[in-house]
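Here is a friendly set of questions and answers to read alongside a model. Have a look at the fold before you start.

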Amino acid sequence: MTTSDAPHPDAGALLRARVVRADRGALHVVPDDDLGADAVRAELPRDGLLPLPDGTRVPATVGDVVDVRPGDPAHVTALHARRTAVVRDSAGRTSLEQVVAANVDVVLVVEHLDPDPDLGRVERLLTLAWRSGARPVVVLTKADLVPDPDGMAAEVAQVAIGVDVHAVSVVDGTGLDPVRALLAPGVALVAVGPSGAGKSSLVNALAGRDVMATGGRRADGRGRHTTTHRELVPLAGGAVLVDTPGVRGVGLVAAPDALDTTFADVTDLAARCRFADCAHVAEPGCAVREAVESGELPERRLASWRKLAREAAYAARRSDARLAAEERARWRRVMRDRHRQVRHQAP
């Protein structure tokens with residue numbers, strides 16, 4: 001989906017703005033051509049939803065480009081099409097998707113080195129990043145707390161195929177230069193990762209000032225979760241970054257291409273299996289199982305791929321059911337309105 005630069009029908013006096021924070025009933029926005037400006041509050045429609053160019057009404061999120069009608073108060077009237085979108089499956093039993101950030105160019109997958117990094121979580125967040133359409137970059141924090149950060153980064157790089165991996169320390173500045181090199185004018189980044197991974201400290205280091213509250217370490221050595229909302233933060237060099245609350249669990253939205261990219265090694269092996277529909281369990285000529293048995297492919301890696309593939313398929317089924325229900329509800333509204341018109345026209 002590409003960004004629509006065409007004005008909406010009522011765009012005569014509207015201002016094009018970027019969402020820096022979304023609250024209940026209102027957005028905090030800055031001019032889209034001046035992301036370092038002071039944010040102003042603009043009220044949302046009563047239902048909290050905004051129309052996309054195709055008429056679909058959705059909630060706005062940080063990074064969205066919106067049309068704002070000036071006034072006291074200002075009002076948000078429409079939402080521009082999203083160039084990229086970081087999407088997660090909603091928590092709970094609903095089948096709704098949650099857009100975490102929109103129109104970002106780089107997704108920083110932030111994982112700590114102390115305690116040891118969780119490779120399965122890195123794979124999950126990389127799949128989330130690839131699905132968004134943005135460029136993923138892995139940032140491993142707290143390098144000053146481990147004896148061999150480079151060796152640990154090399155292990156993570158084995159599951160982050162085609163992705164730059166940087167071990168950094170906010171305390172002594174180690175490894176931050178290649179991350180700072182991403183901060184080109186107009187570039188938008190988003191940081192995703194678990195609570196206590198040091199995302200807020202990383203944001204402060206990149207911003208060159210304290211823009212996010214940070215917490216100390218708990219008795220078990222883990223960092224404290226401090227961010228409670230998503231916010232667009234101006235950085236050095238004209239870039240901006242979305243800081244997000246820590247994620248205890250990220251539900252995947254169905255994304256076969258993203259899974260294939262994250263698990264490119266598994267995908268390449270599967271292409272060499274004797275049967276196209278090989279389940280990689282006990283079929284003859286299974287290149288995936290042969291790679292596991294020879295040690296070429298870790299069993300953990302295959303198990304992670306299976307888990308995420310099942311989860312993505314489940315999310316797809318739930319989404320299909322939700323879309324079908326919405327379509328039925330739409331037709332019921334159409335028929336109800338048509339019957340109402342017929343009754344009004346009757347003599």
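The questions below walk through a predicted model, from its strands to some backbone details.

Q: In what order do the strands of the closed barrel run?
A: Let's begin with the barrel, which is closed and has five strands in mixed pairing. From one strand to the next, the twist averages 55°.

Q: Which residue in β3 stands opposite L27?
A: Strand β2 covers residues 26-31, and strand β3 covers residues 40-43. The two run antiparallel and are joined by four bridges. The residue in β3 that stands opposite L27 is A42.

Q: Is R301 buried or exposed?
A: R301 sits in helix α8, which spans residues 299-345. Its relative accessibility is 2%. Buried means under 20%, so R301 counts as buried.

Q: With which side chain does the side chain of R301 make a polar contact?
A: Setting aside residues up to four places away in sequence, R301 touches E123, V159, I161, T262, F263, A264, D265 and V266. The polar contact in question joins two side chains at 2.8 Å. The partner of R301 in this polar contact is E123.

Q: Which residue follows α7 with a positive phi?
A: Helix α7 takes in residues 287-294, and its buried residues include A287, V288, R289, A291 and V292. After the helix comes a residue with phi near 90°. That residue is G295.

Q: Where is P73, which is joined to D72 by a cis peptide bond?
A: The peptide bond from D72 to P73 has omega near 10°, and it is cis. The strands on either side of the loop holding P73 are β6 (65-69) and β7 (74-79). P73 therefore lies, by these DSSP runs, in the loop between β6 and β7.

Q: What is omega for the cis peptide bond that joins D114 and P115?
A: P115 is found in a loop, with β10 (106-112) on one side and α1 (119-132) on the other. The bond joining D114 and P115 is cis, and its omega is about 0°.

Q: Is N103 buried or exposed?
A: N103 is in the loop between β9 (97-102) and β10. Though not a glycine, N103 has a positive phi of about 60°. Its relative accessibility is 3%, so N103 counts as buried.

Q: What is the relative accessibility of H280?
A: H280 is found in the loop between α6 (264-270) and α7. Phi of H280 is positive, near 60°, in a residue other than glycine. H280 counts as buried because its relative accessibility is 5%.

Key
Residues are numbered from 1 along each chain as its sequence is written. This is a predicted model: local features need pLDDT of at least 70, side-chain atom pairs count only at pLDDT 80 or more; totals for chains, interfaces and linings use all residues. Side-chain values use heavy atoms; hydrogens and water are left out. Two strands pair if DSSP finds at least two bridges between them. Axes are lines fitted to C-alpha atoms, for helices over the stretch in contact, and angles run from 0 to 180 degrees between N-to-C directions. Buried means under 20% relative accessible area, exposed over 50%, partly exposed in between (1.4 Å probe, protein chains only). A polar contact is a pair of N or O atoms within 3.5 Å; within protein, one must be able to donate a hydrogen and the other to accept it, and residues adjacent in sequence count only if both atoms are side-chain atoms. Contact means heavy atoms within 4.5 Å.
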